[in-house]
Amino acid sequence: MSSALAVSIGNTRTQIGRIVDGTVQEYATVSSDTPTEALEQLVAWSKDIDKDERIVLLASVRADTADAMRSLVVDQIGAEIIELEQDLPVPIGRALDSESIVGVDRLLAAAAVWNELKQACIIVDVGTAVTVDFVDGEGVFQGGAIMPGTRAMLDSLTDSADLLPSIDYRRPDGEPFGRNTTEAMLRGVHNAIHGGVWKLVENYALFYGGFPLVIATGGDAESIFTDDELISRIVPDLALRGCAVAYRTATEDSNS
């Protein structure tokens, strides 16, 4: 039985997972501002793995948290750190500009979805930013679109207009129009993301000549897209599943 630990560091949230035989057995989500919180769970999981066999798969889009996590993992767990894309490629084809730099989280999500579906798909990641990416029927990541997430939109409104308050996002309910400033802001942000994603999916489908399955992930995916007919499935641990796919692929290649 092969085991590894995985850490996927986003701009706002960090996910950690325990991978056994190429699948994510359990995972947890913590703030990216507190890497020590993630370490506590990693230490607990690592006790079930022989010290000389401990491996931590690390994927990050936030440099400061990644630096802290590397030091903590080496000091507290004594594990070998394997960084996705630097030490271990994400197994997904790419049709991007030659000098393009894509967030490893986007590639991991694409690899995870392609590994499971083996068909054209769209991945919507609703986090600090909202990404809407397309993988074609040959398993090639074609790129996508990036827009601000809920926090970025709300902060932009507050920073740009003196009379708009600082608020946290929550899913608006009830009437389609807000009867006070807070409710109006919430509806504006919610529908900007919701409508933007719908339009992008429509554009991708028209370009591709078919309507691919749409998979959502990210910290705000549930609040934006729960019970939405556009979304086939919401998968919170998609990046960790991508780590598992990359590790399993590398292990199988080394054994063949």
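This report looks at the salt bridges of a predicted model.

## How many there are

The count for this model is 17 salt bridges.

Asp133 forms a salt bridge with Arg106. Their closest N and O atoms are 2.6 Å apart. This bridge links distant parts of the chain. Asp133 sits in strand S8, residues 129-135. Arg106 sits in helix H3, residues 104-117. The two partners are 27 residues apart.

## A pair with an exposed arginine

Arg179 forms a salt bridge with Glu175. Here the closest N and O atoms are 2.6 Å apart. Arg179 is at 63% relative accessibility, so this residue counts as exposed. The cut-off for exposed is over 50%. Glu175, at 38%, counts as partly exposed.

Which helix holds both Lys199 and Glu202? Both lie in helix H5, residues 181-208. Lys199 and Glu202 are three residues apart, about one turn of the helix. They form a salt bridge, with the closest N and O atoms 3.1 Å apart.

Lys199 is partly exposed, with a relative accessible area of 46%. Glu202 is also partly exposed, at 39% relative accessibility.

Some salt bridges share partners. In this way Glu116, Arg233, Asp237 and Arg241 are joined into one network.

How values were computed: Residues numbered from 1 in each chain as written. Predicted model: local features only at pLDDT ≥ 70, side-chain atom pairs only at ≥ 80, totals over all residues. Heavy atoms only, no water. Salt bridge = Lys/Arg side-chain N within 4 Å of Asp/Glu carboxyl O. Helix = DSSP H or I, 4+ residues; strand = E, 2+ residues; numbered from the N terminus. Buried < 20%, exposed > 50% of the residue type's maximum accessible area, 1.4 Å probe, protein only.
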